Amino acid sequence: AQSVAQPEDQVNVAEGNPLTVKCTYSVSGNPYLFWYVQYPNRGLQFLLKYITGDNLVKGSYGFEAEFNKSQTSFHLKKPSALVSDSALYFCAVRAFNNNDMRFGAGTRLTVKP
Amino acid sequence: KAGVTQTPRYLIKTRGQQVTLSCSPISGHRSVSWYQQTPGQGLQFLFEYFSETQRNKGNFPGRFSGRQFSNSRSEMNVSTLELGDSALYLCASSLHRNNEQFFGPGTRLTVL
């Protein structure tokens, strides 16, 4: 069965600095990888996905993520953080042809002015 | 296009009662999944429906059930509610089973 780990419960960065939210996964076969963001009292919003192809994936709001097969990682990055990026971020994985999506525990990102 | 809608948004029930939650997916989306979100357990997969058939089920007791209708709308039912069922229940739809999911705002269930 697939699983996802987000090793950091909380990430704090200063506005304007680069941010990284870490994610590692375990899956049999080729993974489908996703990042979602959740703002307070809201549902999850899709940010980006990796299915196949280029290891660097660009998504919404200036976020990007790098798929690293050897390290089984899919870290979320942004070159310059905004205060409005403060939210709860979830990494998710699904194995090919299996729609059982597994989510990580979430990482709370706080961007301070 | 309208997003995923869930009704009701808030529910308060007492132990032993049952509850039905409704989800309308984005038009054209045939896959609907349900998740339970709690502060302690995070996001837990409940089940997934595609073309009116349950394709996957998470590790939840039989008190949790669901169904999907021919128009792709879905309902989930929880019988004999327990205090631990208090959670945010999220519905997500996708065009096909391997696409990204789009989430509704959730139904906040409180069991007293």
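Select Glu82(B) to begin. At 43% relative accessibility, this residue counts as partly exposed. The model is predicted, so read each stop as a computed value.

**Stop 1: the charged group on chain B**

Arg63(B) sits in the loop between strand S6 (53-57) and strand S7 (64-68) of chain B, and Glu82(B) in the loop between strand S8 (74-78) and strand S9 (87-94), so the bridge ties together parts that are 19 residues apart in sequence. How accessible is Arg63(B)? The value is 16%, which counts as buried.

Now select Asp85(B). Its side chain forms a salt bridge with Arg63(B) as well, at 2.8 Å from N to O. This pair links distant parts of the chain, 22 residues apart: Asp85(B) is in the loop between S8 and S9 of chain B, and Arg63(B) is in the loop between S6 and S7. Both Asp85(B) and Arg63(B) are buried. Show the three residues together. Salt bridges with shared partners join Arg63(B), Glu82(B) and Asp85(B) into one network.

**Stop 2: a bridge between strands on chain A**

Switch to chain A and pick Lys77(A) and Glu66(A). Their side chains meet in a salt bridge of 4.0 Å, N to O. Lys77(A) lies in strand S9 (residues 73-78) and Glu66(A) in strand S8 (residues 64-68) of chain A, so the pair ties together parts 11 residues apart in sequence. Lys77(A) is partly exposed at 31% relative accessibility. Glu66(A) is partly exposed too, at 41%. How many salt bridges are there over all chains? The count comes to eight.

**Stop 3: Gln36(B)**

Return to chain B and select Gln36(B), found in strand S4. Its relative accessibility is 7%, so Gln36(B) counts as buried. Look at its side chain next. A polar contact of 3.0 Å joins it to the side chain of Tyr89(B). Then display the surroundings. Leaving aside neighbours within four places in sequence, Gln36(B) is in contact with residues including Gly42(B), Leu43(B), Gln44(B), Phe60(B), Phe64(B) and Leu88(B). Asp85(B), from the first stop, is also among its contacts.

**Stop 4: rings across the two chains**

Show the aromatic side chains. The structure holds 15 aromatic pairs over all chains. Zoom in on Tyr36(A) and Phe103(B). Their ring centres are 5.3 Å apart and their planes stand at 80°, so the pair is edge-to-face. Tyr36(A) lies in strand S5 (residues 31-38) of chain A and Phe103(B) in strand S10 (residues 102-103) of chain B, so the pair joins two chains. Is Tyr36(A) buried or exposed? Tyr36(A) is buried, at 0% relative accessibility. Phe103(B) counts as buried at 10%.

Tyr35(B) lies in strand S4 (residues 31-38) and Phe103(B) in strand S10 of chain B, so the pair ties together parts that are 68 residues apart in sequence. Both Tyr35(B) and Phe103(B) are buried.

Now widen the selection. Ring pairs link Phe34(A), Tyr36(A), Phe46(A), Phe90(A), Phe103(A), Tyr35(B), Phe45(B), Phe102(B) and Phe103(B) into a cluster.

**Stop 5: Phe102(B)**

Pick Phe102(B) out of that cluster. Phe102(B) lies in strand S10 of chain B. At 33% relative accessibility, it counts as partly exposed. What does Phe102(B) touch? Not counting residues up to four places away in sequence, the answer is Val4(B), Ile26(B), His29(B), Cys91(B), Ala92(B) and Ser93(B).

**Stop 6: the largest pocket**

Finish with a surface view. The largest pocket has a volume of about 660 Å³. It is lined by 33 residues, and Phe90(A), Gln37(B), Thr38(B), Gly42(B) and Leu43(B) lie nearest its centre. Colour the strands next. On chain A, strand S1 (3-5), strand S10 (87-95) and strand S11 (102-103) each supply at least two residues of the lining. Which strand gives the largest share of the lining? S5(B) does, with four residues.

How values were computed. Residues are numbered from 1 along each chain as its sequence is written. Chains are lettered from A and ligands numbered from 1 in the order in which they are written. This is a predicted model: local features need pLDDT of at least 70, side-chain atom pairs count only at pLDDT 80 or more; totals for chains, interfaces and linings use all residues. Side-chain values use heavy atoms; hydrogens and water are left out. Buried means under 20% relative accessible area, exposed over 50%, partly exposed in between (1.4 Å probe, protein chains only). Rings of Phe, Tyr and Trp (its six-membered ring) pair if their centres lie within 6.5 Å; planes under 30 degrees apart count as stacked, over 60 as edge-to-face and the rest as tilted. A polar contact is a pair of N or O atoms within 3.5 Å; within protein, one must be able to donate a hydrogen and the other to accept it, and residues adjacent in sequence count only if both atoms are side-chain atoms. Contact means heavy atoms within 4.5 Å. On a 1 Å grid over the protein atoms alone, a cavity is a set of points where a 1.4 Å probe fits but cannot get out, and a pocket is an open set with protein on both sides within 12 Å along at least five of seven lines; lining residues have an atom within 4 Å of a point. Grid points are joined across faces, edges and corners, and a volume is the space filled by probe spheres set on the points.
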